[in-house]
Amino acid sequence: MSIEEIIAGRLDKLQEAGCLRRIPQPDADCIDFTSNDYLGLAKRRAEFSEEFADTFGRADFTSSASRLLAQHQDIYTEFELFTGALYDRKALLFNSGYHANVGAVSSLASLPGALVIADKLIHASIIDGLRLSGARFHRFPHNDMKALERIIERNASDGQPVIVIAESIYSMDGDLAPLQELVNLKHRRPEIFLYLDEAHALGVMGKRGLGLAEELGLLPEIDLIVGTLGKALASSGAFIAASESICNFLINSARSFIFSTCLPPASAAWSLLMMKKMVDMQSERDRLRNLAERTRKGLESITSEESESRSQILPFMVGDAEKAVMLSEALRRKGLNVLPIRHPTVPAGTERLRISLSASHSESDIERLLQALTELK
Ligand SMILES: Cc1ncc(COP(=O)(O)O)c(C=O)c1O
């Protein structure tokens, strides 16, 4: 059989299972519930373009080399100093959240003797980092602290570092990591190193929008924080906030950092401007929280089930790939864009619509969505 024939067979199977992924066609007439523009910053680009032009308008569109070879480092350094100061530690810029996780997780998991334990629902980029490390790792059932402790007790030996990996807001369920409990566990077991991916909480939670750790007053307790810039920050790229030695270690070991042309300086400059704006966007954070609360209550009354979500990401559970696609199409005909999430992105049988809210949504957008779901369920 030729490669083309094998691939055709694979694609047919995905199609039959209702799991064939396609790049969706944007529909400007639809209300969008798919993007991760949580603060509505991407929609407000024009508002900031003059300031951007005045301050960073001459920034280049290419760095022409990896960060270790690039000639013009000023804007990257400025971004890292600003972001590092917010988190009271060092920051290191990466090309994307995917690059950050693959690079950092593979580097840390490769350390001799490290025991790595990750939540069952962590993002694919973390799993890929673990696989790339070639190290043995464990997964604990989602948010199950008892199971996590059992894995540590069974597998940790004296003096061995234990890396525990979690996300602050889980990207497909919208629920939160039990961060306070994780920190309590770390107090009992100081060998724990807490790795927290704040991709969906950056901009959204905390007094300055730094994420769940800031919201709970736990920032100093987290050893490594990943923040992504392509979601609430309306830009692209990501950063890791960690100690100086960890950042230096990543500069020397994270292959996604070393062997990839770094972000265009213009993009880093835009990220810096967006970080500066985001810090003061408390009213947008409050608005998003209120919209999420209203949506959650509405969904609970439609499904008669309590929602696990505690954030701006709300799953509408369907439990079947084909049905999820059909429901998404029906919503689109009603002028609402909500994407179906299928296996393997989520476990089989938990297929759903993923409703992603933004401070730019209006109350009537939410009511239209709830009304449509009530009619279609
Ligand atoms: C939790 C989490 N981490 C990392 C990433 C990857 O970030 P990026 O899109 O910047 O590559 C995502 C993307 O959806 C994510 O949800």
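**Strands and the helices across them**

A: Start with S11 and strand S12 (residues 352-356), which pair in the antiparallel sense over three bridges. Two strands count as paired if DSSP finds at least two bridges between them. Strands (E, at least two residues) and helices (H or I, at least four) are DSSP runs, numbered from the N terminus. The model is predicted, so local features need pLDDT of at least 70, side-chain atom pairs count only at pLDDT 80 or more, and totals for chains, interfaces and linings use all residues. Residues are numbered from 1 along each chain as its sequence is written, and side-chain values use heavy atoms, with hydrogens and water left out.

Now look at one bridge. Isoleucine 341 has arginine 352 in S12 as its bridge partner.

Next, widen the view. S11 and S12 belong to an open, antiparallel sheet of three strands, in the order S9-S12-S11. Strand S9 (313-317) and strand S11 (339-341) are the edges: each has a single partner strand, so one side of each is left without a neighbour in the sheet. Neighbouring strands here are turned by 40° against each other on average, direction ignored.

Two helices lie across this sheet. Helix H13 (residues 321-333) lies across S9, S11 and S12, at about 45° to S12. Angles run from 0 to 180 degrees between N-to-C directions; axes are lines fitted to C-alpha atoms, for helices over the stretch in contact. Contact means heavy atoms within 4.5 Å.

What about pairing elsewhere? Seven strands form another open sheet, in the order S2-S8-S7-S6-S5-S3-S4, with mixed pairing. Strand S2 (90-94) and strand S4 (137-140) are its edges, each pairing on one side only.

Within it, strand S7 (residues 224-228) and strand S8 (residues 238-242) pair in the antiparallel sense over four bridges. Valine 226 stands opposite isoleucine 240 in S8.

Helices pack here too. H4 (residues 97-109) lies across S2, S3, S5, S6, S7 and S8, at about 165° to S6. Helix H5 (residues 124-133) packs on the sheet and touches S3, S4, S5 and S6; its direction makes about 155° with that of S4.
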